[in-house]
Amino acid sequence: MSNACKELAIFLTTGIVVSAFGLPIVFARARLIEWGACALVLTGNTVIFATILGFFLVFGSNDDFSWQQW
């Protein structure tokens, strides 16, 4: 069985991540921002999302206090 709330959260998170990487590229191709600015935004997005992923991988184990209780 699937949890509808969890499925919605995964869907919205995927939309945010795709937009965070896609919009700067679209803006750079439309010449709304420079390619250097696009590279800085993509680098920042990679660092932030890798940090968030690392947090959940480290603290996502099954112990007394975990984020998997949701």
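1. The UniProt record, an unreviewed entry, places a "transmembrane region" at residues 32–59; UniProt positions follow the numbering used here, feature names are shortened, and annotations may be inferred rather than shown by experiment. In the model, this span is 89% helix and 0% strand, and its end C-alpha atoms lie 39 Å apart.

2. The model is predicted: local features need pLDDT of at least 70, side-chain atom pairs count only at pLDDT 80 or more, and totals for chains, interfaces and linings use all residues. Residues are numbered from 1 along each chain as its sequence is written, and side-chain values use heavy atoms, with hydrogens and water left out.

3. The protein has 2 helices and 0 strands (DSSP runs numbered from the N terminus: helices are H or I of at least four residues, strands E of at least two). Helix H2 covers residues 35–59 and contains Ile 48; Ala 39 is also found in helix H2.

4. Of the 70 residues, 10% count as buried (buried is under 20% relative accessible area, exposed over 50%, partly exposed in between, with a 1.4 Å probe and protein chains only). Ala 39 is partly exposed because its relative accessible area is 38%. Ala 39 and Ala 28 are 11 residues apart in sequence, and their C-alpha atoms are 9.5 Å apart in space.

5. The protein exposes about 6000 Å², of which carbon and sulfur atoms supply 72% (areas come from the Shrake-Rupley method with a 1.4 Å probe; for residues, only the protein chains shown count as cover).
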